[in-house]
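Please look at the sequence and the structure below. The paragraphs that follow go through some of the strands and how they pair.

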Amino acid sequence: MCPTKPKQKQKHRGGHVADHGESDEDDYAHAAAAVVDSCSWRDEAINGGSLKVVDLDTGTNGWASPPGDLFLLRSKTYLSSNKKTKTPSGPWLLSPAGFDWLKSPAKLDHVLSRPDNRVMHALRKSQSQGHCLKTFLLAVNLQVPGRDHHSAVFYFSTDEPIQSGSLLHRFIDGDDHFRNNRFKIVNRIVKGPWIVKATVGNYAACLLGKALTCRYHRGENYLEIDVDIGSSAIANAVLKLALGYVTAVTVDMGFVVEAQAEEELPERLFGAVRVCQMEMSAATVVDRVDTASLRKVKGVSGGCCNQLSQSKVGVERSDGGDDDDH
């Protein structure tokens, strides 16, 4: 399904807001007002990966940031209405802060703790100069199994405090049970052959924490979510099919903390990325990092948390994205 062009596109800069946990539309609109980003580390992080930022509509072998309005999420009345209505998400809660496509001889866990992680390095460099001291990072690491392991790591950030008690704040500081029951991905196939659309669906929502093994790493100023795609035979099979056509596929991925109570609605993306006809060979090759090296990284805390996996991937698909996702 080809996307319609949004009336107003979000940009890499000036498009992020903090999550104030307000369900009233007017309050949210006020909270979502653009904030000028004065932290130059983010420019370095966005532009420093092996996959470059490309045009949203025409780019290839790169990535872009799709506007939140392209994603239909649970509306304010979703739980109280029999129609289960969905509405465009609106602005992301966090700013895009880079994308890494990595290749390694072993599965890459907790990439933000690695001394060679370029995004964390850029942030720490800025903080050492007294800038961006309140910045918080959220990274989603999709681990792709194979003879050579790959990781697609999406980084999002905010320079504004995330309000205590908000849904995003509860997710960041919650336990694994809460996170696994709330961490959701929404996919949109923007461009691709019919076999990929038929297998994956033009629009699909999935609670990743219930479908796959997810590990959460909470640091002083970050949360990393490692998603092991190889933990599900079905997900692995679907992925292998999609990778066979990867240079012809453009996909939007939106990440959401699922709203399950009236006061948590409407849902909002905390981040989104468009991967445009990627070349597998574009990956940056990284080596293993020993445990002793990780312990030397200043400010790193957290570790592997509880795991939850299921053999069946609970994916909902629809061409219009209007069906109930869970």
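In this predicted model, the bridge partner of Gln143 in β11 is Asp228. That pair belongs to the contact between strand β6, residues 136–144, and strand β11, residues 222–228. Seven bridges join these two strands, and they run parallel.

Both strands are part of an open sheet of six strands. Read across the sheet, the order is β10-β11-β6-β7-β5-β14, and the pairing is mixed. Which strands stand at the edges? They are β10 (213–219) and β14 (284–285). Each has a single partner strand, so one side of each is left without a neighbour in the sheet. Strands of a sheet pair through backbone hydrogen bonds, either parallel or antiparallel.

Helix α3, residues 118–128, lies across β5 (95–104), β6, β7 (149–158) and β11. The helix runs at about 135 degrees to β5.

Another strand to follow is β8, residues 183–191. Is β8 mostly covered or mostly open? It is mostly covered, with eight of its nine residues buried, where buried means under 20% relative accessible area.

Strand β8 pairs with strand β12, residues 250–257, in the antiparallel sense over eight bridges. It also pairs with strand β9, residues 203–207, again in the antiparallel sense, over five bridges.

Methods. Residues are numbered from 1 along each chain as its sequence is written. This is a predicted model: local features need pLDDT of at least 70, side-chain atom pairs count only at pLDDT 80 or more; totals for chains, interfaces and linings use all residues. Side-chain values use heavy atoms; hydrogens and water are left out. Two strands pair if DSSP finds at least two bridges between them. Helices (H or I, at least four residues) and strands (E, at least two) are DSSP runs, numbered from the N terminus. Contact means heavy atoms within 4.5 Å. Axes are lines fitted to C-alpha atoms, for helices over the stretch in contact, and angles run from 0 to 180 degrees between N-to-C directions. Buried means under 20% relative accessible area, exposed over 50%, partly exposed in between (1.4 Å probe, protein chains only).
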